[in-house]
Amino acid sequence: MSPDLSVIKAFILDVDGVLTDGTLLAFNSGEQARAFHIRDGYAIRHALRQGYRIAVISGREEEGVRKRLESLDVRDMYLGVDDKMKIFNNYINTYRLDPAHIAYMGDDMPDLEVMRRCALAACPADAAADVRAISSYVSALPGGHGAVRELIEAVMKEQKTW
């Protein structure tokens with residue numbers, strides 16, 4: 001049975017392994033860099049402009065990630081998070097969101113608890129086996145290679161907002 005994309009009003013995304021391919025480049029300066037897919041960025045901005053909520057919850061805190069998300073007009077970003085469930089609960093309470101209208105895309109163990117609470121648990125093709133096992137939407141694409149775009153586009157096309 002395919003997931004019901006018609007109910008989704010908000011997307012919550014992880015960063016490493018979802019918006020990026022999980023590769024972390026460590027430079028001698030101590031700076032760390034990641035690569036983001038331009039089409040994921042387009043889909044995020046387009047969804048925001050169409051009135052969808054988008055939040056990012058990540059265990060890592062990096063200024064480059066913050067700047068990339070700001071450039072996409074993402075305002076709800078929670079970086080350097082130890083307890084994703086606590087942030088999720090605060091987020092849905094702050095904005096009075098119903099988890100029955102939220103899609104969460106994650107790729108690894110720290111995402112599982114929140115994914116179980118959302119209407120749509122989604123993951124990239126190369127997500128950890130435990131995450132794929134609970135996901136009702138598994139992208140054909142790996143993390144950092146358009147998986148987020150695929151999810152957002154599928155939801156928006158179903159709702160005729162793409």
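User: Which residue in β6 stands opposite Phe-11?

Analyst: This is a predicted model, where local features need pLDDT of at least 70, side-chain atom pairs count only at pLDDT 80 or more, and totals for chains, interfaces and linings use all residues. Residues are numbered from 1 along each chain as its sequence is written, and side-chain values use heavy atoms, with hydrogens and water left out. Strands β1 (residues 10-13) and β6 (residues 102-105) run parallel and are joined by 4 bridges; strands are DSSP runs of E with at least two residues, helices runs of H or I with at least four, both numbered from the N terminus, and two strands pair if DSSP finds at least two bridges between them. Opposite Phe-11 stands Ala-103.

User: Is Asp-14 buried or exposed?

Analyst: Asp-14 lies in the loop between β1 and β2. Buried means under 20% relative accessible area, exposed over 50%, and partly exposed in between (1.4 Å probe, protein chains only). Asp-14 has a relative accessible area of 5%, so Asp-14 is buried.

User: Which residue meets Lys-84 in a salt bridge?

Analyst: A salt bridge puts a side-chain nitrogen of Lys or Arg within 4 Å of a carboxyl oxygen of Asp or Glu. The N to O distance is 2.7 Å, and the partner is Asp-111.

User: How many residues apart in sequence are the parts that Asp-16 and Arg-60 tie together?

Analyst: The side chains of Asp-16 and Arg-60 form a salt bridge at 3.9 Å, N to O. Asp-16 lies in the loop between β1 and β2 and Arg-60 in the loop between β4 and α2, so the parts tied together are 44 residues apart.
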